[in-house]
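Subject: Structure for you to look at

Hello,

Here is the structure I promised you. Please open it and keep it beside this email as you read.

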Amino acid sequence: MDIQKKLAAFQLKLQNCALSETEREHYVALERSILESEQMPAKELLARAKKIKPLVRLEGGEVTGYHKKNGQFRSSDVLCFCTPVDIRNRSYLYDFTPKKIVTLKGRLFKVPKYQEVGEFTCYHDTGDYYGFLLPSVSEVLQQLPTEYDWHEIDAFELSFPSLDFFDAYDSLLDRHISTVHLYRFDKGLPRKLKEQDILFEGQRYRYNH
């Protein structure tokens, strides 16, 4: 189904909702923007995935004691890099375990010193059931606002209002909503991450640096 047909179906859905004309126009414009972002060519998406890596916020301890943390940030939290998952077809946060943490000689691979360069709101497909948070890397990379030069960004992190998925769910869009925090490392992306494979629609891509 092309964008216009999807938008027409979305507008039909909104007719049954108690919205003002301004709210209706806002939702239609937002849906259009999301649908258009999904048309990003694979070549550009892969180039962004090569440069910009997802980070996961953890509650500290040894590697075996870490677990994903989607709620409020705390000073005791630790950030980690993730092992590759398909950037489009599977959420990097789903069923997150210590095996999905990038390590070096059995210990957590340390995230280098960074600066937060901005943030934006991102909208995520709920998959077959809205009761799971399933954000993908591709959604973030596709929806990155044009005000940011993606060549200058090294990593991103998602935050949600709470660990309750209902707090992050928009029933009209049928999407979860996150805040994306954009980071730039003081000395650039570490070589270990530059050499990381990119998984995309069942294929494995490796780049020479």
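Below is what I found, starting with the whole chain and then moving to its parts.

**The whole chain**

Please remember that this is a predicted model. The chain has 5 helices and 10 strands. Its C-alpha atoms fill a box of roughly 55 × 35 × 30 Å along the principal axes. Is that what a compact globule would give, or something else? For 209 residues, a compact globule would have a radius of gyration near 17 Å. The chain has 18 Å, so the two agree.

Of the 209 residues, 46% count as buried. The accessible surface comes to about 11800 Å². Carbon and sulfur atoms hold 48% of that surface. Now take the contacts with a separation of 6 or more: residues 24 or more positions apart account for 70% of them.

Find strand β8, residues 175-185. 8 of its 11 residues are buried, so the rest of the structure largely encloses β8.

Which strands pair with β8? β5 does, in the antiparallel sense, over 11 bridges. Strand β6 (residues 155-159) is joined to β8 by 5 bridges, again antiparallel. Strand β7 (residues 169-170) runs antiparallel to β8 too, with 2 bridges.

You can check the pairings residue by residue:

- Glutamate 116 stands opposite tyrosine 183 in β8.
- Glutamate 157 stands opposite histidine 181 in β8.
- Aspartate 170 stands opposite arginine 175 in β8.

β7 and β8 also form a hairpin, with 4 residues between them. Aspartate 174 sits in the turn and has a positive phi of about 55 degrees.

**Tyrosine 183**

Tyrosine 183 lies in β8. Is tyrosine 183 buried or exposed? The cut-off for buried is under 20% relative accessible area. Tyrosine 183 has 2%, so it is buried.

What does tyrosine 183 touch, beyond residues up to four places away in sequence? Its contacts include Leu55, Arg57, Phe73, Leu79, Tyr114, Val117, Ile153 and Asp154. Glu157 is among them as well. The side chains of tyrosine 183 and glutamate 157 are joined by a polar contact of 2.6 Å.

**Histidine 124**

Move to strand β5, residues 114-125, where you will find histidine 124. Its relative accessible area is 0%, so histidine 124 is buried. Its side chain makes a polar contact of 2.7 Å with the side chain of serine 178. Leave aside the neighbours within four places in sequence. Histidine 124 is then in contact with Pro135, Ser136, Glu139, Val140, Leu158, Phe160, Arg175, His176 and Ser178.

**Strands β1 and β2**

Next, look at strand β2, residues 77-81. 4 of its 5 residues are buried, so β2 is largely enclosed by the rest of the structure. Strand β1 (residues 53-59) runs antiparallel to β2, and 5 bridges join the two.

**Helix α3**

Which residues of helix α3 (residues 42-51) are buried? They are Leu45, Leu46, Arg48 and Ala49. Seen down the axis of α3, the buried residues fall within an arc of 160 degrees, so they line one face of the helix. An α-helix has 3.6 residues a turn, so residues three or four places apart point the same way. What covers the buried residues of α3? The cover includes β1, α4 (137-143), β9 (198-200) and β10 (203-205).

**Two loop residues**

Lysine 105 sits in the loop between β3 (103-104) and β4 (107-108). Lysine 105 is not a glycine, yet its phi is positive, about 55 degrees. With a relative accessible area of 83%, lysine 105 is exposed.

Glutamate 201 lies in the loop between β9 and β10. Its phi is positive as well, about 50 degrees, although glutamate 201 is not a glycine. At 41% relative accessibility, glutamate 201 counts as partly exposed.

Best wishes

Terms used
Residues are numbered from 1 along each chain as its sequence is written. This is a predicted model: local features need pLDDT of at least 70, side-chain atom pairs count only at pLDDT 80 or more; totals for chains, interfaces and linings use all residues. Side-chain values use heavy atoms; hydrogens and water are left out. Buried means under 20% relative accessible area, exposed over 50%, partly exposed in between (1.4 Å probe, protein chains only). A polar contact is a pair of N or O atoms within 3.5 Å; within protein, one must be able to donate a hydrogen and the other to accept it, and residues adjacent in sequence count only if both atoms are side-chain atoms. Contact means heavy atoms within 4.5 Å. Two strands pair if DSSP finds at least two bridges between them. The arc is that of the directions from the helix axis to the C-beta atoms. The radius of gyration is taken over C-alpha atoms; the globule rule is 2.2 Å times the number of residues to the power 0.38. Accessible areas come from the Shrake-Rupley method with a 1.4 Å probe; for residues, only the protein chains shown count as cover.
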